[in-house]
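Hello,

Please find the structure below. My notes on it follow.

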Amino acid sequence: MSQSPVKQLHIRPAKEQDRSLIDGVIAAAFNGNDEVALVRKLVADGDVVLELVAEANGHVTGHILFSRVWIEHADGRTPAVALAPLAVLPEMQRAGVGRALIAEAHEQLAKAGEGLSIVLGDPAYYGRFGYRLELASGFESNYPAHYLQARYLSENHRDLPHQGRLIYASAFGEN
Ligand SMILES: CC(C)(COP(=O)(O)OP(=O)(O)OC[C@H]1O[C@@H](n2cnc3c(N)ncnc32)[C@H](O)[C@@H]1OP(=O)(O)O)[C@@H](O)C(=O)NCCC(=O)NCCS
């Protein structure tokens, strides 16, 4: 069941001083530290394209990160972004924080000239934000294809490849 939307929600870039608060949000949302380590490595490796936090009443309650992913295809390779992870504090879920983070991130990525976003996750959730299984069906990766979805970030997507191998940042392990 949805909660009432959070009032005073502010989406802003993540800062280095937020790091331990971000760790706490991610660990609580995923009930473990694997994604905390993933984010720390993505940041340390310089593979982050966009990282935002959601602040509600001055407290960090949500976090989203997009890293660089390359699509290798017959004509070379094309950059795209991969959404992972997305985390909202358990007590703040179903109140629009995830939606606000995704919407702001998509807008900023489009303005920055990014063309395609890829996500591996529940289609019931990401389908709400324009991610489509069909758009990712030509991409190969070592992850289960039935959860791979993609979304264009702008109207100008004629030159984006529909097929190829996805090369994720090394924090994700073997590609
Ligand atoms: C998944 C997660 C980020 C969603 O954040 P959230 O702030 O609760 O999501 P929102 O409140 O913005 O939800 C937006 C819409 O999706 C729906 N929704 C929320 N969680 C959902 C889920 N797991 N499956 C399907 N729909 C879901 C909401 O009801 C809402 O629908 P509405 O717009 O019709 O009212 C959050 O539940 C979370 O941190 N989960 C644990 C970590 C995780 O699994 N992350 C995603 C994988 S990387």
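The shell around the ligand is made up of 11 nonpolar, 5 polar and 4 charged residues. Please keep in mind that this is a predicted model.

In total, 20 residues surround the ligand, and the closest are Ala29, Gln93, Val97, Gly98 and Arg99.

I then looked at α1. This helix has 12 residues and reaches 16 Å from its first C-alpha to its last, close to the 16 Å expected at 1.5 Å a residue. Its buried residues are Ile22, Val25, Ile26 and Ala29. Seen down the helix axis, the buried residues of α1 fall within an arc of 95°, so they line one face of the helix. What do the buried residues of α1 pack against? They pack against α2 (34-44), β2 (48-56), β3 (59-73) and β4. Just after α1, Asn31 takes a positive phi of about 55°.

Last, the strands. β8 (residues 164-167) runs antiparallel to β3, with 3 bridges joining them; Arg165 in β8 is the bridge partner of Glu72. β8 is also joined to β6 (residues 139-140), here by 2 bridges and in parallel, and Gly164 in β8 is the bridge partner of Phe139.

Regards

Methods: Residues are numbered from 1 along each chain as its sequence is written. This is a predicted model: local features need pLDDT of at least 70, side-chain atom pairs count only at pLDDT 80 or more; totals for chains, interfaces and linings use all residues. A residue is near a molecule or strand if its C-beta atom, placed from the backbone, lies within 6 Å of it. Ala, Val, Leu, Ile, Met, Phe, Trp, Tyr, Cys and Pro count as nonpolar, Asp, Glu, Lys and Arg as charged, and the others, Gly among them, as polar. Helices (H or I, at least four residues) and strands (E, at least two) are DSSP runs, numbered from the N terminus. The expected span of a helix is 1.5 Å times one less than its number of residues. A residue is buried if 20 or more other C-beta atoms lie within 10 Å of its own, exposed if 12 or fewer, and partly exposed in between; C-beta atoms are placed from the backbone. The arc is that of the directions from the helix axis to the C-beta atoms. Two residues are in contact if their C-beta atoms, placed from the backbone, lie within 7 Å. Two strands pair if DSSP finds at least two bridges between them.
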